[in-house]
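Here are my notes on the model, as numbered points. Please read them with the structure open.

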Amino acid sequence: MDDRKFALRLLVTLFSIAFLAFWAEAAWEFMRAVHPLTGEAVKLSDLHATAPMVRSLASTFASSYNTQIALLLTFIALAIPITANMYTPKLIEIFVRDRINLFVLCACALLAAHSLFALALSFDNFTGQLPFFLTVLFSICGWLILLPYYFYVLSFVDPLTIIKRVHRRVQESLEDAAAGRYPVREAQRRVNQRIINLGSVLLRAVDRADRDVSFDAIATHILELERVRSVKPRLPAAFFQVDNSIMVGASQDAIRMISEGRVWMEHRLATQLILAYKGMLGKMPDGVSVISAAVMQAAHREARADGDPEVFRLLVRVLNTFIREAIKKKENATAYNVVFNYKLLIKQLLTDAPLQVPRLVEHFCYYANYARHRGLPFIYELVSYELAGLAEIAYEADMEPAPVLLEAMLDFEGVEGSAALVKSRAILGGYFHERGMAEDLAVIESSLRGVPKPALLAARNAILAVENAAFWEMTDRGTDLDYVEPARRRHVSAVIDRLLTEDQ
């Protein structure tokens with residue numbers, strides 16, 4: 001149960017207890033009350049508030065209301081600014097605009113003023129009855145509301161609740177823009193500012209290494225991408241034409257392309273994700289996995305027939321940026337995770353958008369070579385394994401990009417001095433040998449003929465030695481790159497054995 005539901009249940013419980021208990025107590029007293037002089041039972045109609053009575057209680061009521069308001073304002077003054085400083089200053093604006101907050105704070109102020117009004121109606125020869133009894137009732141209600149409202153405020157400052165509220169404000173801005181409630185430039189400014197507010201929550205959570213909040217904020221950015229897609233058909237054409245006031249720091253050529261592609265909102269969301277990713281490097285490896293997987297899944301959705309090609313290309317650029325940043329910082333584990341998600345995207349596109357595969361393979365190979373030149377040979381070799389696995393999937397289903405994947409893998413240089421390149425090719429060669437694909441097998445064997453025989457023998461023995469599919473460390477992939485199904489091992493061995501016996 002979250003804090004808001006708990007606050008509601010507590011409120012109902014307290015009022016129920018107060019109504020039953022207080023009225024039962026009052027009924028008991030009235031039933032047994034007698035007049036001190038006549039000894040007759042007291043009637044309710046005989047009960048009146050007198051001027052001395054009201055004046056004697058005025059100090060008590062004033063103190064009660066002062067204490068209530070002081071407790072509320074002190075709690076709010078501590079909870080809201082501290083939370084706003086941690087996540088987003090816009091929390092203060094959101095808090096002030098919340099209807100429940102406005103109701104409670106205004107009600108406390110009005111009830112305190114009403115107690116003064118009740119006191120003012122107390123004269124020696126006339127005393128207001130209704131104001132007095134309402135003052136008593138409102139004072140009781142104020143104290144009953146206090147504790148549930150504390151829990152409501154706690155739920156309000158919960159970071160996950162903040163994300164939901166900021167997300168809701170982004171949606172409201174989009175709906176306002178679609179309905180034409182503001183001029184186009186003002187609508188652009190409002191949407192842009194609220195996207196930045198959402199990004200601020202993500203960036204501050206990353207800076208604090210707050211995993212739960214970071215993961216929820218990442219998911220919300222992806223939801224915003226979907227929401228933008230659903231609203232875009234209702235937005236006016238002028239809304240997609242932006243300038244430097246929105247795309248601060250972008251060149252005129254970049255602004256022109258973004259405007260023509262109608263993707264400035266998606267671009268702003270993607271920018272927040274890239275900034276968060278940079279903050280996660282070296283600090284939140286699990287966050288890197290989450291953000292890479294989220295962008296990969298969003299790109300896959302946009303690659304489908306009902307998606308937006310411009311948004312798909314934008315998200316691919318985001319993944320490319322992720323890979324480059326990881327390689328620049330020489331973060332092997334981070335690059336490994338991003339490469340894994342890039343491979344998953346290509347795998348999905350083999351079925352859903354095969355025409356997009358060659359371009360992504362080209363990017364894949366580019367960053368593999370970039371990693372090699374930056375002193376990360378493991379990433380270079382990892383991409384070779386990934387391409388071999390993708391090629392097998394493509395050949396198995398007779399997909400059009402299969403030759404592209406094979407050619408890309410064979411273009412990797414340095415096979416003579418890399419055991420990993422030898423093993424990735426040998427594993428794919430084992431698949432061709434098993435399927436009787438002699439022509440493709442011959443291409444694999446040709447690429448391995450320059451490898452020294454001791455290296456071939458070591459590669460074969462290393463592959464055959466891996467009997468457990470699970471890798472011995474915790475990784476997103478989970479499986480060992482060198483693992484081959486038992487039924488195929490003899491085919492891999494046959495490929496290497498034939499190379500070992502040549503020229504003997």
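1. Start with Asp 308. This is a predicted model, and in it Asp 308 is buried, with a relative accessible area of 19%. The cut-off for buried is under 20%, so Asp 308 falls within that class at 19%. Asp 308 sits in the loop between helix H11 (285-303) and H12.

2. What does Asp 308 touch, leaving aside residues up to four places away in sequence? The contacts are Lys 232 and Glu 302. With Lys 232 there is also a polar contact between the side chains, at 3.2 Å.

3. Confidence next. The chain has a mean pLDDT of 85. Of its residues, 93% reach 70 or more. Helix H1 (residues 3-32) has the lowest confidence, with a mean of 72. Helix H14 (residues 357-373) has the highest, at 95.

4. Aromatic pairs. The count is 10. In one of them, Phe 239 and Trp 264, the ring centres are 5.5 Å apart and the planes stand at 45°, so the pair is tilted. Phe 239 is in the loop between helix H8 (211-231) and helix H9 (252-261), while Trp 264 is in helix H10 (residues 264-280), so the pair ties together parts 25 residues apart in sequence. Both Phe 239 and Trp 264 are buried.

5. A second pair, Tyr 277 with Phe 322. Why does it count as stacked? The ring centres of Tyr 277 and Phe 322 lie 4.0 Å apart with planes at 15°, and planes under 30 degrees apart count as stacked. Tyr 277 belongs to helix H10 and Phe 322 to helix H12 (residues 309-328), so this pair ties together parts that are 45 residues apart in sequence. Tyr 277 and Phe 322 are both buried.

6. Ring clusters and charges over rings. Phe 239, Phe 240 and Trp 264 are linked into a cluster by ring pairs. Arg 190 lies over the face of Tyr 182, 4.2 Å from the ring centre. Arg 324 lies over the face of Tyr 370, at 4.6 Å from the ring centre.

7. Salt bridges. The structure has 23. One of them joins Arg 181 and Asp 176, with the closest N and O atoms 2.8 Å apart. Are these two partners buried or exposed? Arg 181 is exposed, at 54% relative accessibility. Asp 176 is buried, at 14%.

8. Arg 498 and Glu 445. Their side chains form a salt bridge at 2.6 Å, N to O. Arg 498 lies in helix H20 (residues 486-501) and Glu 445 in helix H18 (residues 438-448), so the pair ties together parts that are 53 residues apart in sequence. Arg 498 is partly exposed, with 37% relative accessibility. Glu 445 is buried, at 6%.

9. A network. Which residues do salt bridges with shared partners join into one network? They are Glu 392, Glu 396, Glu 434, Arg 435 and Arg 488. Within this group, the side chains of Glu 434 and Arg 435 meet in a salt bridge of 3.8 Å, N to O. Glu 434 is partly exposed at 29% relative accessibility. Arg 435 is partly exposed too, at 39%.

Notes: Residues are numbered from 1 along each chain as its sequence is written. This is a predicted model: local features need pLDDT of at least 70, side-chain atom pairs count only at pLDDT 80 or more; totals for chains, interfaces and linings use all residues. Side-chain values use heavy atoms; hydrogens and water are left out. Rings of Phe, Tyr and Trp (its six-membered ring) pair if their centres lie within 6.5 Å; planes under 30 degrees apart count as stacked, over 60 as edge-to-face and the rest as tilted. Helices (H or I, at least four residues) and strands (E, at least two) are DSSP runs, numbered from the N terminus. Buried means under 20% relative accessible area, exposed over 50%, partly exposed in between (1.4 Å probe, protein chains only). A charge sits over a ring if NZ of Lys or CZ of Arg is within 6 Å of the ring centre and within 35 degrees of the ring normal. A polar contact is a pair of N or O atoms within 3.5 Å; within protein, one must be able to donate a hydrogen and the other to accept it, and residues adjacent in sequence count only if both atoms are side-chain atoms. Contact means heavy atoms within 4.5 Å. pLDDT is the predictor's confidence in each residue, from 0 to 100. A salt bridge is a side-chain nitrogen of Lys or Arg within 4 Å of a carboxyl oxygen of Asp or Glu.
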